[in-house]
Every structure is written in C-alpha cells, then in structure tokens.
Amino acid sequence: MRSPLRPMAGAGCAAVLAVTGCSAGAASAPHAAVSGTAPVTSTVYAPYVSATEVAATEAAGSPATYNLAFVISGGSGCTPKWNGTEAITDSAVTSRTSSLRKTGADVRVSFGGASGKELAAACDSVSELAAAYGEALDAAGSSAADFDIEGDELTNSASIALRSRAIARLQEERPDLRVSFTLPVMPSGLDADGLALLESANTYDVQVSTVNLMTMNYGESYDGDMGDYAVTSATAAHAQLEKVFGLSDADAWRGMALTSMIGVNDVAGETFTLSDADQVRTFAERKRLAWVSMWSAFRDRQCAKGRSGQDDAATDCSGVSQTPGAFARRFSG
C-alpha cells in the first residue's frame, strides 16, 4: 500500500496479507500458527493510519487497533524511519501513538508498503534487522507488527529468508509479539510468491497471528463488483491457509483479515463502494475473521469540489460520494 499522503507512481498495492494481532486470536497450529491469548470475539475494525499525519476521520467506527504506516529504511542502511523520512523516535509520532491509545485502541506498527526500501532489503544480518524492527516497536510501545510485503520484495528470496529469521529471533526475545503479514491477493487466491513467503515463515518457525489480504487493485481484466471479488479472493485464500499452516476450517478463517482500498482504486474501473463495505463486513462476521481494515483512514471522506478523484485514486479522499467516516462506520458494523 502507498505511503500515507504521499503520491506513488504507478499502481498501488496489488493486495495485502496481514495486519493483525488485534484483541483476538485463533487457536494454534504448526509453525506459523494463528495464535493469541484473548478469547475469540467478533471481527474488529483496524484501519491504516498515517504515523505522522492526523486524519479527522480516523476515530470513526471506534477502531480496536490502528495500523501505523509505514516503517521503512531511511535510505542510509538499516536505519528505520517513518515513511523513510521521520526519525523513529520523533516526538510528534510518540505523542500521536499515545493519543491513539487513550481511545482504548491498540497500536500496530506496519513495516514495508509499496514505496521506499523495506528494511529486510537494507539490513545485512539477522541481528541488525531484528534490532531495527525492535527499535520501531519500542518507539511506538507496541507488541504487534504488520509486514506489508509487495512488489519486488515478494520475489526477493534473500530478503524473505532474512526477514523470517529476524522475526523469529524477535519473537524469541519478545514472546508476546503478534505478527501479521499483509499480502496481495487475487480472486484466485495468493500467488506463488505470497505462498513462498508464508512457507518461509513456517520454515523459520515464525508464529503468525494473521494473514491480511489486500483485496484491491486486481488488474484491468477484473471489472466486476469489488465486494464480490473480495469474498471470492478470501474464499480462495482460505483453502491455501488451511494447507500452508495445517489449520482447521474455522481457524483458517479466524487467522485471516481483509483490507480494502476504499473508493477509487489505482486500477481503472475498480471502485470499492459503501455497499461493498457492507458486503465485506457481513462476510467477515459470518466467517469470524480476525479483523477488517481499509486503505485508509485519511481517504475516508469525499473529495473537495473540483477534485472528483474518479480518474485517479487520490491520497486524501475516496473519489466517491460519501459523508466523512462513512466507510469506517460500515466496516465497524
């Protein structure tokens, strides 16, 4: 997914596979098990928000968890920075995370995204990468990490293995660390690269709480209903998660999350409507998914007059007719 409030050349995230460790978890399974200590509850709402910019609509729907986007390399080796520019210990970000927590919500740090250099591609060793991830988590006071892996990083086998090993080490040091992977998905399910990433997590004994599917930006050949595509993608991925993780039918659903790009997507002809949000929420509750999310809270408003956003996805508005926070209220049920 795109960095908050920063235009990105080309298409945005193709899909997503993780954001997670909200207040609920699923029963454990081998290796990358969906696991948690809280009792299974209903599907919660956990939007992506900017770590540096406050959105007037971010509290809509009373989120259970905020996904802070994104921590990537600062461009000088293995130095974690918010959006690649702001110091990880920036006082404004620290104050912001504290304010978000005062609402009663959890805060999850999201690493990666569609722009910039992911830390696993910038760090040279397992210990160095684990330390960089830990530094960001400590700065945010968080015990939940989301890894949004897409684009070239999905085909970089060296960085995938390094990341898996670093996360496994971090979980040894922090037993309460909840990990989610946000991955691209298609109506046919996860592609070979996404599945290889999850197999790598299994190989190195990473304990995965949730696989968050990016139900968005499918490609020009998909010009149908975005709500239907989200359900079809989730259903296809469910069978894959059962197989990869050795999960039961119910646990595979409980270990899944869905993230939709609200309004106009980065692919021409793809528009995710309020009706689609209702459909996704109803499906998620019926299957007892861990959480639903959206890209993003700062887009959850109608574009200003003269800025329709209908020809190109805007970074700060949805491109559809809506009241502020309408998507959040639909997703929160």
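**Close-up 1. The stretch of residues 5-39, where pLDDT stays under 50.** Where pLDDT is low, the predicted coordinates should not be read in detail. For the chain as a whole, pLDDT averages 89, and 86% of the residues reach a score of at least 70.

**Close-up 2. The crossing of helix α5 with helix α6.** Two packed helices are described by the angle between their axes and the distance between the axes. Here the axis of α5, which spans residues 192-203, and that of α6, which spans residues 226-245, come within 10 Å and cross at roughly 30 degrees. Because angles under 35 degrees count as roughly parallel, α5 is described as roughly parallel to α6. The crossing of these two helices, α5 and α6, is right-handed.

**Close-up 3. The residues that make the contact between α5 and α6.** From α5 the contact draws on Leu195, Leu198, Glu199 and Asn202, while α6 contributes Gln240, Leu241, Val244 and Phe245. Sorted by class, the contact of α5 with α6 comprises five nonpolar residues, two polar residues and one charged residue.

**Close-up 4. The salt bridge of Asp138 with Arg174.** Side chains of opposite charge can pair when their charged atoms come close. The side chains of Asp138 and Arg174 meet in such a salt bridge, with an N to O distance of 2.8 Å. This pair links distant parts of the chain, 36 residues apart, since Asp138 lies in helix α3 (residues 126-140) and Arg174 in the loop between α4 (157-173) and β8 (178-184). The count of salt bridges in the model comes to eight.

Terms used: Residues numbered from 1 in each chain as written. Predicted model: local features only at pLDDT ≥ 70, side-chain atom pairs only at ≥ 80, totals over all residues. Heavy atoms only, no water. Axes fitted to C-alpha atoms, helices over the stretch in contact; angles between N-to-C directions. Helix = DSSP H or I, 4+ residues; strand = E, 2+ residues; numbered from the N terminus. Parallel < 35°, antiparallel > 145°, perpendicular 65-115°, else oblique. Left-handed = near helix turned anticlockwise from the far one by under 90°. Contact = heavy atoms within 4.5 Å. Nonpolar A, V, L, I, M, F, W, Y, C, P; charged D, E, K, R; others polar. pLDDT = per-residue confidence, 0-100. Salt bridge = Lys/Arg side-chain N within 4 Å of Asp/Glu carboxyl O.
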